Amino acid sequence: MRVSTAQLQLRGTNAMLERQSELSKTQMQLSTGKRILTPGDDPVGTTQILPLNETISKNKQYTTNGESAQTRLALEDSTLGQASNIITRVSELAIQGNNGSLNATDRTIIAQEVRQLQASLMALANTADSSGEYIFAGHNVKTTPFTESPAGTFNYTGDQGQRQVQLGTSQQVSMGNPGDEVFMNIPYSGGGTQNVFQTIEDLATNFEANVQDTTALTDINAALDNFLSVRATVGARLNTIDNQRLVNEELVLQSESTLSSIEDLDYAEAISRLNLQLVALQASQQSYSKIQSLSLFNYL
Amino acid sequence: MLSTAISGLLAFQRALATTSHNITNANTEGYSRQTVSLGTRTPQLVGNGYVGKGVDVTAINRVYDNFLVTQVNDRTSSTSEFEAFHAIASQIDSTFGNVDVGLAPALDNFFNSLHDVANNPTSTPARQVLLSEASSLNNKFHTLNTQVEDLRSGINRQLESVTTSLNGIATSIADLNKAIVTAKGAAGGGQPNDLMDQRDVLVRNLAELTNVTTLPQSDGSLNVYVGTGQSLVLGGSASQITTTRNEFDPTEVEFSLVTGSTVSPITAQLTGGKIGGLLDVRRNLLDTTQDALGRVAVSLANTFNTQHQLGDDLNGNAGGLFFNDVDVSAPTVLPSTNNNAASGAINITLNDVNQLNVSEYRLDYDGSNFSLLRMSDLSIVDTFTTADLPRTTATEGFTLDLTGSVASGDQFMIRPVRYAAANIDLAINDPAKVAAAGSGNAVGDNSNALALAALQSQNTMGGGTTTFLGAYGELVSDVGVKTHQSLVSGEAQRGLLNYAVDAQQGLSGVNLDEEAANLIKYQQAYQASARVISVVDTLFQTLISTIGR
């Protein structure tokens, strides 16, 4: 086939330009470490990248959610632990005060300690977290949940709300327990329920009057049982959070490795491709200069 | 004998001149090599036979094949069409799919910050972060939309400037036609090769702008047609193309052909070339991208607001709008400028954002029926009469109504989502107004925040088939596919163009080695003729010296 001189030159330069453009792309891939530089490079692969990124971001957030619930539940756990210690001490004092050999003065002294413990328990029930939310107030977190009225009755002003936290796409866990469930609705030996503060109040009142209180111990133990069972659910939830965190982390890891296989560069392949392209460019440059130096005019 | 030798000298001078013309134009764009045709002169009858009287140049022709040139022009048009498309598409592609610039990360961050509010519903800092994440999400909508708008106005400017060069080329072709006809007449039918080459270059420049067809005339002029056969150049006169404005949307540049006093719209007919590519990318990429982005904005604002209003804020008041009511303000109906002057307006309200499609619609009234044409797939999705108004088209998620009257031939362009991404904004800036609690619940409740956060994973779009991110992902992959296609098609067309140019240049291009050989050939022939003259001289001297003694 006949070839025009200008075309011969143009072909040579076009070939070099094409090689250079391929090289530039490989170089971009190598410098970013990404196989897909824009969605146009691999539209099919790209459709998976966005949802994978979302999964990673979502599950990391679930883990953050879990951590925030953990802080809150850990505070509840330790508060319940202290409340159990107090109630155990009240129970010891009740046994001590029911000893027949004690006189009125002894019982008054015991009653004093019981009242102090009652105040401490009240303070624990009104525990607030670092952001000033009462942890045993249901949703009514900004109002002191437990108060004693001038008439001497104990009131709960919180509600029955339980804040949930999202641990996974379909997994939620409560961040706390409403206060009435912990301190108010405790089975009463006299029938129905009674709050733990009233139980302690009754005990103190009896001892101040130098009266033995045999039923108090039952009610105090019922309160302790209640604390322990609430604490057990808190422990179970902490476990759930831990387990779910592992699940989420596994999911993140899997997604990240899938993502990497889609968008990350296979360096070995890219480097050997780079070498091949360098050789091709060199070859086209050399052939260009060789061919261009040939001309019949050189011999005229 | 002397005159025979002189005829050789003259002919080979011409041949050498043509060869050197070829050599000097080896790199001239569009130049076709020229060849000298030699022929014997009419012989002289002498007694018993004819004696040859020498050589004549019968013609100087360019080596040219109209089919090959047409092929080059056609492929030039397709190549520049795809390249114009790709140049715009690749810009959209690289921003919308970008991990840092695209919408996806902003959407993720926004929903993550909702979880942080759910974890700590009374925390003002957490609420503040939510508002600023929402605001940066809105900024992403604005930025992406602005990019599309900038490209759109860039395309409009390019179309304007392309029109100027197109008209310039058309005029030049007409002028060349005149010059060629005159030159051909003056030369008694001999071709003005160089002028014809120049005209071919202009036609190819025109083909870069739009598809052209040409028809050579017997007088040497060339008629040029664009579109589906609209004549741009007829002999020595050229029509002009003017830019006009779309009948619905005055920001869109379109074209009309002006022939004498007749002005006819030609936009729909113009295909191929840079103009075809730009019109195509505007319609099939920019419009759809903006609609798809706007659809996410409308759905997010509407769905989020609906849930937000079900909750209570930090002050115990019922939640208000979180995003502005872009679902009310953005849907737009544009009447045609050709509508009857007395005709009224069509109003649109969205009634189900879940059903919205990535499309604009054209509503036509034929005097008795309205027909609603979905532009994305050009299918008629609803037909109704004025008695049916207000009309809800359930599959498209909106309701149309009429203020005033309509007349036959009225048309309206309906854009339910096009302008939403530009206008989405926050309706609140007080962190306390975030309705995180369930209705009637105290401030520590986070159930509404959880419900809002859950919207991230719910199929609230595309008729319950996809999430916000999923719908955005469809947009990104659509752009990716179109960008990829235009790149691949452009490369394929470029390859075909190279073949066509190779074939055309193979025939018409100058090969310097060949010309060098011709140079030697004609030089030798010239020398030989000169030698004949010297032989004639010797013969004459012989005669003189013999007789003169």
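This is a predicted model: local features need pLDDT of at least 70, side-chain atom pairs count only at pLDDT 80 or more; totals for chains, interfaces and linings use all residues.
Me: Are helix 2 and helix 6 of chain A roughly parallel or roughly antiparallel to each other?
Reply: Helix 2 (residues 43-97) and helix 6 (residues 216-263) of chain A pack with their axes 7 Å apart, at an angle of about 165 degrees. Angles over 145 degrees count as roughly antiparallel. The two helices of chain A, helix 2 and helix 6, are therefore roughly antiparallel.

Me: How many nonpolar residues are in the contact of helix 2 of chain A with helix 6 of chain A?
Reply: The crossing of helix 2 and helix 6 of chain A is left-handed. By class, their contact has 10 charged residues, 16 polar and 26 nonpolar.

Me: What is the area buried between chain A and chain B?
Reply: Chain A gives 44 residues to the contact, and chain B gives 52 residues. Carbon and sulfur atoms give 54% of the buried area, which is about 3800 Å².

Me: Which residue of chain A meets Asp502(B) in a salt bridge?
Reply: The rule finds 2 salt bridges across the interface of chain A and chain B. In a salt bridge with an N to O distance of 3.2 Å, the side chain of Asp502(B) meets that of Arg11(A).

Me: How far apart in sequence are the parts that Arg72(A) and Asp129(A) tie together?
Reply: The side chains of Arg72(A) and Asp129(A) form a salt bridge at 3.5 Å, N to O. Arg72(A) lies in helix 2 of chain A and Asp129(A) in the loop between helix 3 (104-125) and strand 1 (146-148) of chain A, so the pair ties together parts whose separation in sequence is 57 residues.

How values were computed. Residues are numbered from 1 along each chain as its sequence is written. Chains are lettered from A and ligands numbered from 1 in the order in which they are written. Side-chain values use heavy atoms; hydrogens and water are left out. Axes are lines fitted to C-alpha atoms, for helices over the stretch in contact, and angles run from 0 to 180 degrees between N-to-C directions. Helices (H or I, at least four residues) and strands (E, at least two) are DSSP runs, numbered from the N terminus. Angles under 35 degrees count as roughly parallel, over 145 as roughly antiparallel, 65 to 115 as roughly perpendicular and the rest as oblique. A crossing is left-handed if the near helix is turned anticlockwise from the far one by less than a right angle, and right-handed if clockwise. Ala, Val, Leu, Ile, Met, Phe, Trp, Tyr, Cys and Pro count as nonpolar, Asp, Glu, Lys and Arg as charged, and the others, Gly among them, as polar. Contact means heavy atoms within 4.5 Å. Buried area is the accessible area (1.4 Å probe) that two parts lose on being put together, summed over both. A salt bridge is a side-chain nitrogen of Lys or Arg within 4 Å of a carboxyl oxygen of Asp or Glu.
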